[in-house]
Amino acid sequence: MRISQYLLATVKETPADAEIISHKLMIRAGLVRKLASGLYNWLPLGLKVLNNIEKIVREEMNKSGAMEVLMPIVQHAELWHESDRWEQMGEELLRFKDRHSRDFCLGPTHEEVITDLVRGEYTSYKQLPAIFYQIQTKFRDERRPRFGVMRAREFIMKDAYSFHINEESLQNTYEQMYQTYYNIFQRLGLNFRSVVADSGSIGGNTSHEFHVLADSGEDEIVFSTKGDYAANIELAVGNLAIKNSSEARKDSEIVNTGSEHSVEAVAGLLNIGVYKIIKTLIVHGEDEEGNISDELIALLLRGDQELNEIKAQKLQGVASPLKFASDELITKKIGCGVGCLGPSNLKLRKIADHSVENLFNFTCGANQPGKHITNMNWSEGCAYDEVADIRKVQENDYSLDGGGILSVKRGIEVGHIFQLGKKYSDALNATVLDSGGKAVTMLMGCYGIGVSRLVAASIEQNHDQKGIVWPENIAPFQLIIVQIDAHKSRQVADLSDSTYEKCIEMGIEVLMDDRDKKTSPGVKFAESELIGIPHRLVISSRSLAEDAVEYTHRQHGEKQKVKTNDLIQFLVKLLSS
């Protein structure tokens, strides 16, 4: 492709609403243009990257034995009522009525549609396992779209679904998909981690996320520095050292702490470590039907630890999603507001985190306004009812697998795989006949990759001060030829054209900057670096005077002179490796 005939829509200015580097560079390099909040046009350069990613995803999914289908983005409400998700999905589900006043939505995901398709086509266990996938547009009406295509309302996703007669079959396919995802992200040239994850609103008991490591990532992931342990921060567990195990137990004392309510303020007032304070958080419970109730539950954590709300709301009897009790309700039921609460003589169900289980000579609220208890120890009057892991893992915790300490990094979630079980097949009555002729409900797996998000995630990981540095496999072009002052030199024009034509013959994706004298060499070089093409040839009168052209590697910045007679052989070796 010649730039003189191509929409190379680069801009110098950084958009005012762009917060992260990928959003800034995707606009500046002319990959996308904003249409409305969370909606983007993909320009030719960006679409080539997107297509390259799709090609790799499609190739690896086909290798796994998955069958490609294409399902409508518009879905009728009846299916969502069957799965009971029409209301559960909340405002992210964009609902509308057609001209006949029938309810429809724009699909944020396709569990209902694929289950409906399979229940109509599959009748026997002999047809299983079956894996279907599609690469298609999704829509989620995000409350706050941001970060460009990283968190857009409309996005492109690869979603796959598998159907099974038993757990063993589901597990085998799940492991197969795990390896397929590993292969995909390796081919994309990404530095990534897979972690154990929470299944969230999709459902199921087993899931893994795949994260591209980047400082701009919205998620925190935890992994062992030496072992194999890795998990999303929402599920991660680790061991804490017991900090005061050698102290002699002391007599407790009620002290006046006045208006000091925060852990840090009380620690400063009493001149003690924050870790020696127990903080008491009061949350709502739930009734037998799973509805939120005014029964209150106390969660106990060490003062230097943070509550993990995902872990807490999974506890039996605790309301999900987690809801903290209001100060008014706490005062009404306990007689004391937030800031002076503690486990001593507290007539509530008390769930202690492991971090306080072996703590003693600690400080806690006295359940009296402006009062705390120092040197408190666990006793009949100050006890917890049960122990659970409810804290958020921190950097340098000890890994449970004995593999050193835990490291916490930021990641961009680009893939998620689930063992769904029977959540959707039960709801939609998707059954097949087993070997005995009995109708059994199929087990399901679900496997997603954010294809358009991968473009942004790759840039977050692969850029420098000059612009994008694309990995070889997804770059929009492999090579850019920059001709300098071709209007002054027939030799420059001829060699540029012949090299360009030869590259096309060899199947090399090549872009030639053939713009005229109005575009300076400096602009051409800057734009070639901004758009991130891995390899660059500069053909100029100066280099041809030495019977050579100048080659530059975008990532390493290495330059070398290549003799014109050796040029094609050099390119063959370079771009076939």
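Modeller: What follows is a conversation about the overall chain, its spaces, its ring contacts and its backbone.

Biologist: What sort of model is it, and how are the residues numbered?

Modeller: It is a predicted model, in which local features need pLDDT of at least 70 and side-chain atom pairs count only at pLDDT 80 or more, while totals for chains, interfaces and linings use all residues. Residues are numbered from 1 along each chain as its sequence is written, and side-chain values use heavy atoms, with hydrogens and water left out.

Biologist: How many helices and strands does the protein chain have?

Modeller: The protein chain has 15 helices and 30 strands. These are DSSP runs numbered from the N terminus, with helices being H or I of at least four residues and strands being E of at least two.

Biologist: What box do the C-alpha atoms fill, and what share of the residues is buried?

Modeller: Along the principal axes, the C-alpha atoms fill a box of roughly 95 × 70 × 50 Å. Of the 577 residues in the protein chain, 52% are buried. Buried means under 20% relative accessible area, exposed means over 50%, and partly exposed is in between, using a 1.4 Å probe and protein chains only.

Biologist: Which residues line the largest cavity?

Modeller: Its lining consists of I20, M150, S216, G217, E218, D219, G411, I412, E413 and R453. A cavity is a set of points on a 1 Å grid over the protein atoms alone where a 1.4 Å probe fits but cannot get out; a pocket is an open set with protein on both sides within 12 Å along at least five of seven lines; and lining residues have an atom within 4 Å of a point. The search of the whole structure finds one cavity of 30 Å³ or more, and the volume of the largest cavity is about 50 Å³. Grid points are joined across faces, edges and corners, and a volume is the space filled by probe spheres set on the points.

Biologist: Which strand gives the most to that lining?

Modeller: Strand β20 (residues 406-421) does, with three residues.

Biologist: And the second largest pocket: what lies nearest its centre?

Modeller: N52, E472, N473, I474 and Q478 lie nearest the centre, out of 17 lining residues. The space in this pocket is about 360 Å³. Helix α2 gives the most to the lining, with six residues. At least three lining residues come from each of domain 1 (3-236 + 409-459) and domain 3 (479-575), where the domain bounds come from an automatic or database domain assignment.

Biologist: Changing topic, how many aromatic pairs are there?

Modeller: The count is 12 aromatic pairs. Rings of Phe, Tyr and Trp (its six-membered ring) pair if their centres lie within 6.5 Å; planes under 30 degrees apart count as stacked, over 60 as edge-to-face and the rest as tilted. F96 and F104 form a stacked pair, 6.2 Å centre to centre with 25° between the planes. F96 is partly exposed at 32% relative accessibility, whereas F104 is buried at 16%.

Biologist: How are the planes of Y178 and F210 arranged?

Modeller: That pair is tilted, at 5.3 Å centre to centre and 50° between the planes. Y178 lies in helix α5 (residues 167-187) and F210 in strand β10 (residues 206-213), so the pair ties together parts 32 residues apart in sequence. Y178 is partly exposed at 25% relative accessible area, and F210 is buried at 0%. Ring pairs also link Y178 and F210 into a cluster with Y181, Y182, F185 and F192.

Biologist: Where does the charged end of R249 sit?

Modeller: It sits over the ring of F360, 3.9 Å from the centre. The rule requires NZ of Lys or CZ of Arg within 6 Å of the ring centre and within 35 degrees of the ring normal. The charged end of R95 sits over the ring of W86, 5.2 Å from its centre.

Biologist: Which peptide bonds are cis?

Modeller: Among them are the bond joining L128 and P129, with omega about 0°, and the bond from S320 to P321, with omega near 5°. P129 lies in the loop between α4 (111-121) and β7 (130-139).

Biologist: Why mention these, and what is the phi of N429?

Modeller: Most residues other than glycine have a negative phi, and most peptide bonds are trans. Phi of N429 is near 55°, a positive value, and N429 is exposed at 55% relative accessibility.
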